[in-house]
Amino acid sequence: MIPALKVDGLKISIRTDEGIARVLDDVSVTLESGRIVGVVGESGCGKSTLIRAIMGILPRGASVDGGKIWFEGENLLVFSEKELNQRVRASRIGFIPQDPLQALNPVFKIGTQLLEAMRWHAPGSRRDHIARLVMLLGRMQVPDPAGALERYPHQFSGGQRQRLLIAAALACAPGLVIADEPTTALDVTTQHQILLLLRELVAEFGISLLFVTHDFGVVAELCDDLCVIYAGQTVEAGTVQSILEAPSHPYTRALLACHPDRADSFVGIPGIVPSPLARPAGCLFAPRCGDVRPLCREATPAQGRARSGAAVRCVQYS
Ligand SMILES: Nc1ncnc2c1ncn2[C@@H]1O[C@H](COP(=O)(O)OP(=O)(O)OP(=O)(O)O)[C@@H](O)[C@H]1O
Ligand SMILES: [Mg+2]
């Protein structure tokens with residue numbers, strides 16, 4: 001079976017006043033059909049840029065310097081804006097944004113906003129659309145689902161708004177859903193409830209999900225596969241089980257060591273993610289790596305395979 005989504009060697013740069021920012025430099029992610037892949041990395045590693053590239057909403061000044069984004073046998077990067085709107089967004093790829101307040105228009109009722117998208121992108125009549133929305137809001141445990149359509153965004157709590165947006169992303173019955181840290185702003189209990197419901201719906205509807213997060217707790221709870229990105233490069237990719245049991249790349253190991261479940265006290269990774277305007281030579285993680293060797297500063301490591309089965313970009317495995 002072909003993957004639901006395959007990002008292959010994606011390179012993206014953005015022209016800025018300070019110069020060319022190499023934001024993505026060889027990112028590859030494979031999402032097998034019906035599975036959930038987590039994309040993990042620190043702030044600034046390029047997670048949202050990856051999502052924007054898939055959705056065709058890159059910022060001004062951005063250019064694609066290489067790579068492909070395969071979706072149902074077609075390279076999304078060659079689609080025009082019109083084709084993406086008519087044939088891909090909402091109807092075949094649903095999107096769950098990080099900030100529900102920004103995604104919802106404060107002056108329109110929830111029903112008006114969500115039904116408008118369905119009018120263009122979902123099959124069936126308005127009555128079918130209302131029935132599906134009410135069903136989805138109920139499944140996401142939004143109180144009084146039918147009444148919710150008549151209310152305004154400010155009449156919901158943050159957690160409820162995030163539930164609304166998950167229902168909205170599933171409303172047009174897409175086969176692929178992409179989520180950008182949708183539960184980051186929520187308390188742990190609410191986050192846990194929402195992730196359980198999302199996991200249930202995704203399995204029931206046979207959806208493939210790409211879920212961006214910086215939280216390994218979320219990855220362990222939700223995801224089947226994992227792609228770790230650092231400074232715009234995929235550094236480790238494999239199944240969640242294999243990587244959590246035996247993380248191979250020093251960056252993955254360092255990230256995991258910072259997680260509250262594993263750390264004895266608060267420890268961070270020394271240093272910061274390099275700016276896409278000034279990237280070091282050789283391995284991009286070398287300046288922060290506890291296991292650095294002279295070779296690491298010379299050439300970008302090729303991708304190798306660890307004993308866990310994961311693909312790893314580190315001289316120790318190439
Ligand atoms: N429009 C832009 N112009 C210039 N640089 C940008 C632009 N958008 C993103 N960048 C830079 O690209 C890099 C990656 O940004 P991106 O938003 O993809 O990171 P992220 O992994 O989503 O981070 P976070 O976890 O904080 O959301 C950052 O260094 C950021 O400053
Ligand atoms: Mg982001």
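E298 has 13 C-beta neighbours inside 10 Å and therefore counts as partly exposed, a class that lies between buried (20 or more other C-beta atoms within 10 Å of the residue's own) and exposed (12 or fewer), with C-beta atoms placed from the backbone. The model is predicted, so that local features need pLDDT of at least 70 and side-chain atom pairs count only at pLDDT 80 or more, while totals for chains, interfaces and linings use all residues. Residues are numbered from 1 along each chain as its sequence is written, and chains are lettered from A and ligands numbered from 1 in the order in which they are written.

E298 sits in the loop between α11 (250–258) and β11 (303–305), where helices (H or I, at least four residues) and strands (E, at least two) are DSSP runs numbered from the N terminus. The C-alpha atom of E298 is separated by 35 Å from that of V218, which is 80 residues apart from E298 along the chain.

For the chain as a whole, there are eleven helices and twelve strands, and the C-alpha trace spans about 65 × 45 × 40 Å along its principal axes. A compact globule of 318 residues would have a radius of gyration near 20 Å, and the chain agrees because its value is 20 Å; the radius is taken over C-alpha atoms, and the globule rule is 2.2 Å times the number of residues to the power 0.38. Of the 318 residues, 40% count as buried. Among contacts with a separation of 6 or more, 65% come from residues 24 or more positions apart, a contact being a pair whose C-beta atoms, placed from the backbone, lie within 7 Å.

Two packed helices are described by the angle between their axes and the distance between the axes. The axes of α4 (residues 110–121) and α5 come within 10 Å and cross at roughly 125 degrees, which makes α4 oblique to α5; angles under 35 degrees count as roughly parallel, over 145 as roughly antiparallel, 65 to 115 as roughly perpendicular and the rest as oblique. L114, L115 and M118 of α4 make this contact with R126, H129, I130 and L133 of α5, and by class it has five nonpolar, one polar and one charged residues.

Helix α5 (residues 126–139) also packs with α7 (residues 158–170), their axes coming within 9 Å and crossing at roughly 135 degrees, and the two are therefore oblique to each other. Here L133, L136 and L137 in α5 meet L164, A167 and L170 in α7.

Conventions:
Axes fitted to C-alpha atoms, helices over the stretch in contact; angles between N-to-C directions. Contact = placed C-beta atoms within 7 Å. Nonpolar A, V, L, I, M, F, W, Y, C, P; charged D, E, K, R; others polar.
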